[in-house]
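Hi everyone, thanks for coming along. Let me put the structure up on the screen, and then we can walk through a couple of places in it together.

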Amino acid sequence: MGALTNWAGNIAFSADVRQPASVPELQELVSSAERLRVLGTGHSFNRIADTTGTLVSVAGLPKLISIADDTVTVSAGLRYGEVTAALQAEGRALHNLGSLPHISVAGACSTGTHGSGDANGTLASAVSGITFIGADGELVTLTRDDPDFLGSVISLGALGVIVQLQLDTQPAFEISQVVYDGLPVARLGSDFEEVFSSAYSVSAFTDWVDPDVMVWRKLRAGTPYEPSWLGARLADGARHPIKSMPADFATEQGGVVGPWNERLPHFRLEFTPSNGEELQTEYFVPRAAAAQAFEELKALGERIAPVIQISEVRTVAADDLWLSPSQGRDTVALHFTWIQDEAAVRPVVAALEEVLLPLGARPHWGKVFTADAATLRDCYPKIPDFVALAARYDPAGKFRNDYLNTYLPA
Ligand SMILES: Cc1cc2nc3c(=O)[nH]c(=O)nc-3n(C[C@H](O)[C@H](O)[C@H](O)COP(=O)(O)OP(=O)(O)OC[C@H]3O[C@@H](n4cnc5c(N)ncnc54)[C@H](O)[C@@H]3O)c2cc1C
């Protein structure tokens with residue numbers, strides 16, 4: 001059998017994964033290990049989860065989904081799709097979801113994973129409590145009133161092994177998803193506010209060369225929509241984010257009303273991609289810099305073209321979590337799905353950073369980037385606080401790995 005790899009297959013992990021069946025067993029493993037990292041569902045595109053020490057998964061722990069008035073307590077290894085189906089069945093909802101329901105809750109929250117929507121913060125912004133196994137093997141629970149909380153939710157695996165999370169919920173709601181073809185690319189900048197405030201969640205897909213942008217609007221059910229809009233027209237059939245790909249695995253479009261959990265992700269839970277022929281990169285720029293960022297990307301269009309599959313523009317509301325890509329500012333997320341050729345992709349990523357970092361861009365922790373530790377400190381102002389917090393919880397560096405030593409050195 002070959003080495004264990006991440007979802008994209010571009011990272012071979014340095015250790016085999018161990019999957020304890022109980023929290024006490026995992027506590028024992030943590031307290032006796034010299035170096036340890038947790039692997040979620042392996043959807044990150046870099047070495048963030050890797051270790052030469054002990055690699056553990058929390059997917060084998062007893063499954064918990066406990067729904068109270070306006071919260072749900074879940075075991076950390078559950079995939080979003082499992083949690084959301086249970087919530088929907090009880091008439092409850094999360095505020096937002098990422099593009100894929102197969103990603104683990106703890107892994108997503110640990111890296112600042114997000115969906116779209118002007119008023120929607122990162123998925124981690126819904127976390128109201130977190131329980132993890134600390135370096136000494138003991139359980140630690142932090143809630144919003146704890147002074148360490150804001151540094152502990154998006155933690156890149158540096159504080160301990162998360163076994164349980166408590167998330168805010170709200171009454172379940174319905175969404176109708178409509179797709180538009182042919183938004184003139186210039187309007188992405190000139191009509192930015194109108195485009196992105198036009199629905200609960202909006203995604204715009206472009207390759208930065210095609211003059212036509214495809215826009216997915218996820219509307220609260222009952223919101224009217226027009227056959228023509230800002231120069232775009234309703235799509236004549238279902239679409240995949242990459243126009244040439246079959247749309248069978250995409251969540252239902254065409255304005256058909258459905259539950260939030262079956263419309264907010266782009267892909268259906270029952271479609272389980274075990275791997276994907278792609279790499280991903282994403283940068284988060286302040287909203288005020290959106291139009292300029294689009295101009296820079298269009299200017300780089302021919303450079304990007306040989307390696308891009310598709311790019312997606314989304315918006316994310318500000319939050320206070322220290323390592324959040326939208327910490328302290330409303331944000332535009334510029335996502336790139338690349339071909340799976342890291343040698344060809346990296347120079348293009350570096351070229352993107354040359355134009356986007358001066359605009360205040362922050363790289364996604366779980367995707368491909370080339371910025372170094374000093375640059376990241378400029379982008380993420382709370383890194384020094386986070387490094388101090390991690391050193392306090394993990395003085396011997398049990399949860400550190402090459403990724404943390406490189407990008408967030410002690
Ligand atoms: C097809 C695809 C679609 C994606 N869509 C989006 C999107 O819409 N929005 C977005 O922002 N990102 C997106 N991503 C990126 C993805 O959400 C992040 O990389 C996320 O971290 C993956 O979660 P995971 O469970 O696979 O974590 P992993 O990649 O396994 O691990 C990520 C980090 O989390 C830590 N971790 C995981 N579980 C635990 C735990 N129990 N305790 C402590 N630390 C833990 C790991 O140690 C590591 O540091 C996408 C990725 C793919 C492949």
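Before we start, a word on classes: Ala, Val, Leu, Ile, Met, Phe, Trp, Tyr, Cys and Pro count as nonpolar, Asp, Glu, Lys and Arg as charged, and the others, Gly among them, as polar. Please also keep in mind that this is a predicted model.

Let's begin with the ligand. By those classes, the shell around the ligand holds 14 nonpolar, 17 polar and three charged residues. Which residues come nearest? Of the 34 residues around the ligand, those are V38, G40, H43, S44 and S104.

Where does the shell come from? At least two residues each are supplied by β2 (36-38), α3 (105-110) and β9 (161-168). Helix α3 gives the largest share, four residues.

Now for some distances to oxygen atoms of the ligand. A polar side-chain atom of S44 sits 2.7 Å from one, and a polar side-chain atom of H364 is 2.9 Å from one. For G42, a backbone N or O atom lies 2.9 Å from an oxygen atom of the ligand. Taken alone, the ligand exposes 960 Å², and the protein buries 98% of that.

My second stop is H114, in the loop between α3 and β7 (127-133). Is H114 buried or exposed? Buried means under 20% relative accessible area, and H114 has 3%, so H114 is buried. The side chain of H114 makes a polar contact with the side chain of E282, at 3.1 Å. Leaving aside neighbours within four places in sequence, H114 is in contact with residues including G98, L123, F284, R314 and A333.

How values were computed. Residues numbered from 1 in each chain as written. Predicted model: local features only at pLDDT ≥ 70, side-chain atom pairs only at ≥ 80, totals over all residues. Heavy atoms only, no water. Near = heavy atom within 4 Å. Polar contact = N/O pair within 3.5 Å; in protein donor to acceptor, adjacent residues only side chain to side chain. Areas by Shrake-Rupley, 256 points an atom, 1.4 Å probe, with all protein chains shown as cover. Buried < 20%, exposed > 50% of the residue type's maximum accessible area, 1.4 Å probe, protein only. Contact = heavy atoms within 4.5 Å.
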